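Please look over the sequence and the structure shown here, and keep both in view while reading the briefing that follows.

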Amino acid sequence: MTQTAGALRRFNLPDVGEGLTEAEVLQWLVAVGDTVTVNQPLCEVETAKAAVELPSPHAGRVVELLVEAGATVDVGTPIITIDTGEGAEAPPETGGTGLIGETTANGRTAVLVGYGPRTTDARRRPRRTDTTESTPLLATAPDARSKPVRHGGLEVGRQAEAAAVRADAASSTAVAPGRRGPRPLAKPPVRRYAKDCGVDLATVRGTGAGGVITRADVDAARALAPAAVVAVPRTPSAGEQRIPIRGVRKHTAAAMVASAFTAPHVTEFLTVDVTRTMKLRDRLATRPELAELKLSPLLFVAKAVLLAIGRHPMINSSWDEAAQEIVVHGQVNLGIAAATPRGLVVPNIRDAGRMSLAELAGELAELTATARAGRTPPAAMTGGTLTITNVGVFGVDTGTPILNPGEAAILAFGAVRDRPWVHKGKIRVRQVTQLALSFDHRIVDGELGSRFLADVGAVLQDPGSALLG
Amino acid sequence: MTALRDETDDADIGDLHEVVDPVPGAGAPHLPQQPDLVQLLTPEGERMEHPDYPLDVSDEELRGFYRDMTLVRRWDAEATALQRQGELGIWASLLGQEAAQLGAGRALRDSDTAFPTYREHGVAWARGVDPLHVMSLFRGVDNGGWDPVERGFNLYTIVIGAQCLHATGYAMGVQRDGDGSAVLAFLGDGATSQGEVNEAMVFAASFDAPVVFFCQNNQYAISVPLERQSKVPLYRRAAGFGFPGVRVDGNDVLAVLAVTRAALQAAREGQGPTFIEAFTYRMGAHTTSDDPTRYRLAGEVEEWKLRDPIARLKAYLSRSGLADAAFFEDVEAEADRLAARIRSGTVEMPDPRPTAMFDTVYAEQTPPLAAQRAQFEAYQASFEGGEHA
């Protein structure tokens, strides 16, 4: 036995739940070159069900990390290569039997994930539509045909049958290539056969009972136009990508729809000269007690908002439809909209109104870091009372924000730009930003909204006015 | 601790609410709010006596319990890791419940029969079931590889609570056989809300069936805490069915042994069923598909770590000079060997033949089943490219 080539083992992402199809690699706990033991944690992954550590199935040296932290990968995807140093076994590429990650003739991933998914077929298991998750707005389906299809059940069978009959009635030719619709009817062995021949069943007309495609039909389609049939694309147009709606995106969508069509939104705008605030920031940054903290423009906007809430407590409130009451909150849980790799999240800073500028700066930094790392706990995203969204970081001036559900106001803060500005009767270059305040008109009238926004602007324009209390 | 509380003298509802511990054992590792709890070994490893449950246990048996629990815990850890590596479809961890399972399992005689849920790996071990025969179930190779009659240990039941009916029916059978054996039915706290479990208890009581209902109250029915399931402590439900209920410290292997042994003996002697509530805690997830951090607090888990079933026995063995460092090292080494055997045995398990599912449906093949088998074989063969319409 030689020592030249150890056995390279690949570890495929397993299904750590029941029927999961993918997971996000949150972080690697080992690096290339590390020596690992059996069951030593390799990485942390998060699925739709849980965040768990994956223990190593092999002892050896880490040769390669095949997936970057933050990536979402399908079950069955090789994520790491480990050299077990067991001697002259073939490396995975040359394909000895039983090597992990190898795809067998029937399309399944071999050995380690004994039930790994087929990589050559449909990518995702059908899911039953959970009616409890649909918002009332979306639940008003126009007709029964748009009812969720229950894959594998009678529903889909009936639909497919009906469609086949309709297709038969409409035309005796093959179904148009690339047409979306019910899955063509064929028994699994015929599906296998069609796939092996490179025939797309959507292009084949079934002659069996109820329009079922037979092996003979596949042969006929193949003989008819082999080149054309093989060339039929599976997707309707090149480059189109279909992304399942779930996770943060699904949550965001439901929240935004609920908010936009429940609370009547009014948005007001204000352009502010923040030069003095920026100068104050530069001065404060030199103070030793603040030296460690990041003094962002957002911090000063947050402070100005908190001061203005103190003067206009009604802005920090909620509409309680069930109780027919307006709830004026006793404390400010200041939400900060954060763009994360997983989408929009709005964690909030508890009781931000009581914090000093330094405390607020610390909380903001921590909240942002946690959100970017994708570790914001669900508890931190509940109970917010008013939100700031900092669209300025993306270089835009302002927007018309949609309320975080349950809150009465949200402030958008735009980019700070050098602009010609009339200052003390002369045109000067000043640092100027735009604020946009959306509020729930059920609770907040134009007067209150305007006064609040003007108040925020006044503090940013002349931070010294904060001393007025 | 104190004697069992008289069931009849506190019908006052307000009093009942004080007895229910809203956060299980909150405050201290001693479960101080439970005067009814039978305990023979404290969390600190101090040996106690109980007037109703005297226990004579040899030094060899004590060391055996330590070995049993340590090996089973190691098996459980290996199985959890194997699931995370894609080698098992799912795994239901028993972490924290070793004492409840080994104490109950060792209380059985060879002639007795146990009806497990899907988490009774410790009982399986006590009944001499090879761990690989349990692993094959969770790998999807078979439905459990052991002979239930030979082991006196029925196959795992996945349906919540269903095994209580099987156990009661079986107990009524052995009662009629008059063979003097007893039946031990396992269930969890969540199963007590199931209809089958309540039906089983009605029948068991009516017929004085020789069955003991052993409920491991691990505090959570997946994510639902016990206080959402029951307004009274579970063991007190037995009174409503008309048989005794006992609450035992489920993390105390000696107390579980004594209480279960007494209940099984009563059953053999024709005194009818007993309900045992083994008060314990599931230290891990419900199964590998579950994330317990979403519904319970880390502080609660920390509390229960202080009541660990193995640590307290180790403390007792060390302090009383019944075991030395060499013994503990030997057990650790044996656990590692067991884990290695389980790992290689699981990974190398051959896939079953697709037609194997027809083999043991009935003791003898029936014509309809034979026809189904033939049809299935033809269907399988059609993938190879034979004639197919």
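UniProt positions are given in the numbering used here, feature names are shortened, and annotations may be inferred rather than shown by experiment. In this predicted model, local features need pLDDT of at least 70 and side-chain atom pairs count only at pLDDT 80 or more, while totals for chains, interfaces and linings use all residues. Residues are numbered from 1 along each chain as its sequence is written, and chains are lettered from A and ligands numbered from 1 in the order in which they are written.

**An annotated stretch of chain A**
- An unreviewed UniProt entry lists residues 185–222 of chain A as "domain: Peripheral subunit-binding (PSBD)".

**Chain B**
- Chain B contains 14 helices and seven strands.
- Of the 389 residues in chain B, 46% are buried, a term that requires 20 or more other C-beta atoms, placed from the backbone, within 10 Å of the residue's own.

**Where the chains meet**
- In chain B, 14 residues are in contact with 21 residues of chain A, contact being defined as C-beta atoms, placed from the backbone, that lie within 7 Å.
- On the side of chain B that touches chain A, four residues are nonpolar, seven polar and three charged, where Ala, Val, Leu, Ile, Met, Phe, Trp, Tyr, Cys and Pro count as nonpolar, Asp, Glu, Lys and Arg as charged, and the others, Gly among them, as polar.

Methods:
Two residues are in contact if their C-beta atoms, placed from the backbone, lie within 7 Å. Helices (H or I, at least four residues) and strands (E, at least two) are DSSP runs, numbered from the N terminus. A residue is buried if 20 or more other C-beta atoms lie within 10 Å of its own, exposed if 12 or fewer, and partly exposed in between; C-beta atoms are placed from the backbone.
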